[in-house]
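Visitor: I'd like to go through this protein with you and ask what stands behind each label.
Guide: Gladly, let's take the labels one by one.

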Amino acid sequence: MTRFFVYALCLVPMPLMAQDFPTRDSDTRFLPADLTARLSGKVLTYFDKGKSRYYEDGRYSYTFFGDERESAGGYWTVREDAAVCVEFITGQTRCDMFVESGDRLVLVDEKGDRYPVKTEE
């Protein structure tokens, strides 16, 4: 029975499992409801001029700078640990953490790479 449980656990895609995102002591994490409210209906523009759109109905799109067409689309949700997960139409899933660092919103990926948000619309 134990082997079955371990085997079944291995079949769970890792991005869907709880992750411990490498944040800094100066970062402020969000409560899930607060983050949902902060992102819902917003367009976040990063310093590379890429744009993430978090639609109120749960749709998500990302547009790379210089390409006005949607470059990646899917659906977003906020987990209980306040990670934001996007299930792309390709079937891939990505989860990231948003934190406040000073007065700036910052996306932190699972590797610890940080992407500060330039503007929120």
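Visitor: How many of the 121 residues count as buried, and what makes a residue buried?
Guide: Buried means under 20% relative accessible area, exposed means over 50%, and partly exposed is in between, using a 1.4 Å probe and protein chains only. By that rule, 34% of the 121 residues are buried. This is a predicted model, in which local features need pLDDT of at least 70 and side-chain atom pairs count only at pLDDT 80 or more, while totals for chains, interfaces and linings use all residues. Residues are numbered from 1 along each chain as its sequence is written, and side-chain values use heavy atoms, with hydrogens and water left out.

Visitor: What is the order of the elements from the N terminus on?
Guide: The order is α-β-α-β-β-β-β-β-β-β-β, which comes to two helices and nine strands. Helices (H or I, at least four residues) and strands (E, at least two) are DSSP runs, numbered from the N terminus.

Visitor: How do you know that C85 and C95 form a disulfide?
Guide: A disulfide is a pair of cysteine sulfur atoms within 2.5 Å. The sulfur atoms of C85 and C95 are 2.0 Å apart, so the pair meets the rule. The count by this rule is one disulfide.

Visitor: Why is the disulfide of C85 and C95 called right-handed?
Guide: Its torsion about the S-S bond is about 110°, so the disulfide is right-handed. C85 lies in strand β6 (residues 83–88) and C95 in strand β7 (residues 93–101), so the pair ties together parts that are ten residues apart in sequence.

Visitor: Are C85 and C95 buried or exposed?
Guide: C85 has a relative accessible area of 7%, so C85 is buried. C95 has 4% relative accessibility and counts as buried too.

Visitor: What makes D96 buried, and which residues does D96 touch?
Guide: D96, in strand β7, has a relative accessible area of 7%, so the label is buried. Contact means heavy atoms within 4.5 Å. Not counting residues up to four places away in sequence, D96 touches F21, A83, V84, L107, V108, D109 and E110.

Visitor: What is found at A82 in the hairpin of β5 and β6?
Guide: The hairpin has four residues between the strands, and A82 takes a positive phi near 70° there, although A82 is not a glycine. A82 has a relative accessible area of 1%, so A82 is buried. K49, in the loop between β2 and β3, also has a positive phi, near 75°. At 42% relative accessibility, K49 counts as partly exposed.

Visitor: How many aromatic pairs are there, and why is the pair of Y54 and F98 called edge-to-face?
Guide: Rings of Phe, Tyr and Trp (its six-membered ring) pair if their centres lie within 6.5 Å; planes under 30 degrees apart count as stacked, over 60 as edge-to-face and the rest as tilted. The count is five aromatic pairs. For Y54 and F98 the centres are 6.2 Å apart and the planes at 75°, so the pair is edge-to-face. Y54 lies in strand β3 (residues 51–54) and F98 in strand β7, so the pair ties together parts that are 44 residues apart in sequence. Both Y54 and F98 are buried.

Visitor: Which residues form one aromatic cluster?
Guide: The members are Y54, Y60, W76, F88 and F98.

Note on methods
Pairing = 2+ DSSP bridges.
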